[in-house]
Each structure stands twice: as C-alpha cells, then as structure tokens.
Amino acid sequence: MTAPYWISCPTEVILSTDKNQTYTNRLFELPTAADKEDSRVPEVRQTTGKYKRGNRISDNEVHTVQFVAYDSERNPSPACIFSIKGQGSRHLNFRSFLAL
C-alpha cells in the first residue's frame, strides 16, 4: 500500500487576535490527506511543534508545526510543515483599508 498524500497543506496560517485583545485561542483548519489505495480517510496527527490547535497565541507570536498523515496500515505521508502566526486585528483592519 502506498503512503497518503496531502490534499491541502498550508505554508502559513494567520490567526487574528480577538478584538481589543493581544491574543486569541482560535482553531485552525487541519491539513487534509487522502490515499489512493485506502478507502478510509488518513489520520492526520501533529508530530512536532509546541503550539496545539486552540492554544493561546499572542500578536506577532510565530510557531512552526508539523503534521503527518497515516493510512490504515500506518504508512506515513511526507511531512506537512507550516507556520502559525498570531496577528492583531488592528493589522488586518489597516490592510483591509488599503485594499479599498
């Protein structure tokens, strides 16, 4: 059986901090994987990185995380590695204003 492959693997995830706060506990979408030879959706697990989904992240804080997908026979996919950054809503508003 072949290893799973990534359908989506971001290069960066930006989590906007809560209004009038310098942090957030937002969740981010997990990378998704598939396997041509296995009818079950591969299990996606975080294998490195201290930051976990839903943890508190502050404005300008950056973490690198790594995920691996496993098929039913425990064959691992290549790693999906990306950064997660907390960004204050004031930055997003400024950029939105510039886009108008």
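Biologist: How many disulfides does a search of the whole structure find?

Modeller: First, a word on the basis: this is a predicted model, where local features need pLDDT of at least 70, side-chain atom pairs count only at pLDDT 80 or more, and totals for chains, interfaces and linings use all residues. Residues are numbered from 1 along each chain as its sequence is written, and side-chain values use heavy atoms, with hydrogens and water left out. A disulfide here is a pair of cysteine sulfur atoms within 2.5 Å. Searching the whole structure on that basis gives a count of 1.

Biologist: Which residue does the disulfide join to Cys-9?

Modeller: Cys-9 lies in the loop between strand E1 (5–8) and strand E2 (12–16), and its partner, 71 residues apart, is in strand E8; strands (E, at least two residues) are DSSP runs, numbered from the N terminus. The S to S distance is 2.1 Å, and the partner is Cys-80.

Biologist: Is Cys-80 buried or exposed?

Modeller: Let's set the scale: buried means under 20% relative accessible area, exposed over 50%, and partly exposed in between (1.4 Å probe, protein chains only). Cys-9, at 33%, is partly exposed. Cys-80 has 0% relative accessibility, so this residue counts as buried.

Biologist: Now to charges: how many salt bridges does the structure hold?

Modeller: Side chains of opposite charge can pair when their charged atoms come close. A salt bridge is counted when a side-chain nitrogen of Lys or Arg is within 4 Å of a carboxyl oxygen of Asp or Glu. One of them pairs Arg-26 with Asp-18 at 3.3 Å, N to O. The total for the structure is 3.

Biologist: Where in the chain is Arg-74, the partner of Glu-43?

Modeller: Arg-74 is partly exposed, with 41% relative accessibility. Glu-43 sits in strand E5 (residues 43–48), 31 residues apart from Arg-74, and the pair links distant parts of the chain. Arg-74 itself is in the loop between strand E7 (62–70) and strand E8 (80–87).

Technical notes:
Helices (H or I, at least four residues) and strands (E, at least two) are DSSP runs, numbered from the N terminus.
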